[in-house]
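Please open the model in a viewer and keep the selection tool at hand.

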Amino acid sequence: MNRRKFVQLSGMGAALFSSGMVQGRIISAEDLMMPGIDVTAKKRLADVALNAAKSKGATYADVRIGRYLRQYFFTKEMRVENIVNSESYGLGIRVIANGTWGFCATNDLSVDSIAKCAATAVAIAKANSEMQEEPVILAPQKGVGIQTWKTPITKNAFTIPVKEKIDLLMKVNGEAIKNGATFVNSNLFFINEQKYFASTDGSYIDQDVHRMWPTFTVTAVDKKAGKFKTRDALSAPIGMGYEYLDGLASEKMSILGKPTVYRFSYDMVEDAILAAHQAQEKLTAKTVVAGKYDMILDPSNLGLTIHESVGHPLELDRVLGYEANLAGTSFATMEKWESKTFEYGSKIVNFVADKTQPNSMAAVGYDDEGVPCKNWNLIKDGILVNYQATRDQVHLLGEKESQGCSFADSWDSIQFQRMPNVSLQPGKEKYGVADMIKDTEKGIYILGRGSSSIDQQRYNFQFSGQLFYEVKNGEIVGMLDNAAYQSNSQEFWNSCAKICDKDDYRLFGTLFDGKGQPGQSSAVSHGCSTSRFNGVNVINTGRKI
Amino acid sequence: MEILTKEEAKKIIDKVLGYSKADEASVELTGKRTGNIRFARNSVSTSAETYNLSLSITSVFGKKQGTSTVNEFDDASLEKAVRRSEEVAKLAPENVEYLPMPGPQKYLESKGFLDTTAKIDPAQRAKFAKDSIIPVRENKLTGAGYLEDSAGFEALGNSKGLFAYNKSTSVDFSITVRTADGLGSGYGSGDFNDSALMDTKVATKVAMQKAISSRGAKAFEPGKYTVILEPTAAGELISFMIRAMDARTADEGRSFLSKKGGGTRIGEKLLDERVTIYSDPTDKDIPAKPFSSEGLPLEKVVWFDKGVVKNMSYSRYWAQSKGIAPILAPDGFIMEGGTGSLEDLIKDTEKGILVTRFWYTRWLDPQTLLYTGLTRDGTFYIENGQIKHPVKNFRFNESPVIMLNNLEAMGKSVRTRGNMVPPLKIRDFTFSSLSDAV
């Protein structure tokens, strides 16, 4: 299945997709449960690669042996459009020779092939060193020896029978239609990365990473009026097993009797029923009057704004110009960080980068350079204090060890700097969403991820959502339509006036975040509590053709 | 990897079909070599070359289908792949919209394979990069660029006797040049089937000139402006419209082509009468694969004729349900343009904004095809036929449908990102806010 077909089937348009969604060979569902090669065999193959690289003149080498399993479901109304089970397996070798990176990958894991691949990686490094202006400086990383890490899951999604998953989606679609949806697409995405890393530093790390995302789009059509409206699922892609779909009542939150939102357990059927009703409600919702509003943003909406206006601008490779030709650079330049006074947000704004956060999608034990994962401050009391960096960048920040932000989406992709989980810390005083609405005179309360766009230096952005509720004098008075909020990243975060406490803290995530040339995909979560931003510009996006 | 010939590919496909015990079976055989080189901060950052030869077999029992893929080509591996696809098919849920596979077809000839491109090696890739990096360095600017080339083939066959074969090559290059003070940024690009046409120096020169002249941008108020969209910018918006021309969604009432009260807008004049857009896999400038993934022939299709919606795309299933022949979505489109150049359009403009390219363009409303995005890497103010000064980047909120009703003039169509698009002069283009990004 090609990418275009995938996007059509998923019915999710162009939001946050990369080319790395469907890779590898198609296999049966049963094969997804077969174990990969034994860890001792991986160590033997890794040593072949490392020794071959060293013998050809590499001063550093690392090798990744990856087995990537994916199972995706695509349904539409009461039929299954496709089920994709795929496996991708192979080995990638990265070296430094003549102070320059070189890389080669192969799916032929014979000793001869691995040795040849290592030699090629060294040859590429030497060839490219002619155009190298500065040699690679690698932060020291003590070898961690033999290590293992596994996403803490209770139900491996691949062991759940295909029929059970289809039955769930058919129930989701059936209930949506029964409750007034004209159309419905639903999807399940399950990913398992079995990654083995070894380096000349003396690390041999075996990791088993699980992620999943249940989602749908419900459409209500009014043919007479020539109108249609959609509502997407309020689930989050998450670093959990199939247990996320248990739909535990304890993990649901009803906001003033309006939408229900979910924490670490998702009720897909219930959300589809709500979505069907809300898509119909949107058909007759009042069109927004453009102007300044206090925006109350649920984590299901604010998460994407965090991703674009904080996560990406603080990637050090962007700041330095390595992404200039595609994704762009960043307004958060080095001198702003060096000043130690750059007010990225108001004083209540604290952002933490954390690759150890439970249930998050970027959580692993070690990054793809063998660096143990950790957490650190990015924005402290509103001030920019740090970036996200890899081993070859961190010396620029005056730090002696990497922050562990290296990732490659496949064994045949070159690892580079990718975003860790970047999360807004909750407010310290007891304060809930009901309190926030009560304290708002003229506002809009937004839930769900909608259209998003931000400039190449991450100043000007425009975001939409799934559900818009008008707030007047402390009460929700009705649903709005055609709304999008526009701001500048720094102005927006400085307008952050209130953040709900930890009881409201939830995760947003993106399973297919694209970056790089050629494009690679990564998964990342963003946590936050519902937050209010005062005096934000809202535009009306309604037009006629 | 050698590109398999038509005969070699057919031999493998016939062998695989010979192993099949299914009601119907189809085989797709693809082979591709891709190479790339990426640079930033005036140094090569990464470079790679990959090879892949892969075979995919789909088996069907009744309306149940299963697919498996293999990249080993000994008899045992091929037969195992066939058996696996049959096992998957038997376990699969029934696809109620499944249609029997098509039989033998006739295809147009597409000339998208060029030896020059197929023979690109790491040394030539490095030269392409060097030709770009050296002038940037010499001008004390900073360049980030990416070149990707590919050569490959695709062959299809099925148990009904269908066989299709096509080979193609491509080379794409883009560069963004920034000034040392970070106040200027410019973009240049090129994409071809034939690498002999690729001159990275030319694209780099454009990017350097734009970077230097975009320093010191002045802020303009957001609002409605006359714009000149360079082909890269215009093509991006128009491609969204072409991708949204599916008949089924229009019939179902959820498309910009749905009519109030039911039905579609086919036959309606939706755009300016100078707008004619078609696709043709045999076009000499953008040759494309002449068959679909199912092996149906792709032919010339006129999508808009003098502003009138002439055709929409119909999948086999939807076409059958409507009692018509399928019309397949194209790989690339050709928008007929005028005869003048971009410079001629600028010369004929009293006041306007020149846009090099857009960035982060996303839909806002699928019903009106309203999109938002930003200008980037060279936005300039035109007065009395001349570029006066750079302006700060804008965010736009605009629909290609509205835009192509506000058409003032068109230049000559050029190839950009696999399409043929003219530079367009558009009145009342909506810029909704300013961006500080350079």
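Begin by selecting chain B of this predicted model: its mean pLDDT is 96, and 100% of its residues reach 70 or more. Here pLDDT is the predictor's confidence in each residue, from 0 to 100. The model scores ipTM 0.93 and pTM 0.94.

Some conventions apply throughout. Residues are numbered from 1 along each chain as its sequence is written, and chains are lettered from A and ligands numbered from 1 in the order in which they are written. Because this is a predicted model, local features need pLDDT of at least 70 and side-chain atom pairs count only at pLDDT 80 or more, while totals for chains, interfaces and linings use all residues; side-chain values use heavy atoms, with hydrogens and water left out.

**The annotated span of chain A**

Select residues 291–537 of chain A, which UniProt lists, in an unreviewed entry, as "domain: Metalloprotease TldD/E C-terminal". UniProt positions are given in the numbering used here, feature names are shortened, and annotations may be inferred rather than shown by experiment. The end C-alpha atoms of this span lie 6 Å apart, and the span is 15% helix and 36% strand. Helices (H or I, at least four residues) and strands (E, at least two) are DSSP runs, numbered from the N terminus.

**Aromatic pairs**

Over all chains, the structure holds 39 aromatic pairs. Rings of Phe, Tyr and Trp (its six-membered ring) pair if their centres lie within 6.5 Å; planes under 30 degrees apart count as stacked, over 60 as edge-to-face and the rest as tilted.

Next, select A:Phe331 and A:Phe342: the ring centres are 6.4 Å apart and the planes stand at 55 degrees, so this pair is tilted. A:Phe331 lies in the loop between helix H7 (316–320) and helix H8 (334–339) of chain A, and A:Phe342 in the loop between H8 and strand E13 (351–354), so the pair ties together parts eleven residues apart in sequence. A:Phe331 counts as buried at 2% relative accessibility, and A:Phe342 is buried with a relative accessible area of 11%. Buried means under 20% relative accessible area, exposed over 50%, and partly exposed in between (1.4 Å probe, protein chains only).

Then select A:Phe351 and A:Trp493, whose ring centres are 5.1 Å apart with planes at 85 degrees, so the pair is edge-to-face. A:Phe351 belongs to strand E13 of chain A and A:Trp493 to helix H10 (residues 489–494) of chain A, so the pair ties together parts that are 142 residues apart in sequence. Both A:Phe351 and A:Trp493 are buried.

**Salt bridges**

How many salt bridges are there over all chains? The count comes to 63 salt bridges, each being a side-chain nitrogen of Lys or Arg within 4 Å of a carboxyl oxygen of Asp or Glu.

Select A:Asp201 and A:Arg391, which meet in a salt bridge (2.8 Å, N to O). This pair links distant parts of the chain, 190 residues apart. A:Asp201 is partly exposed, with a relative accessible area of 26%, whereas A:Arg391 is buried at 3%.

In chain B, select B:Arg125 and B:Asp149, a salt bridge whose closest N and O atoms are 2.8 Å apart. B:Arg125 is in helix H4 (residues 122–138) and B:Asp149 in strand E4 (residues 141–158) of chain B. Both residues, B:Arg125 and B:Asp149, are buried.

Finally, select A:Glu77, A:Arg79, B:Glu97, B:Arg248, B:Glu252 and B:Arg254, which are linked in a network of salt bridges.
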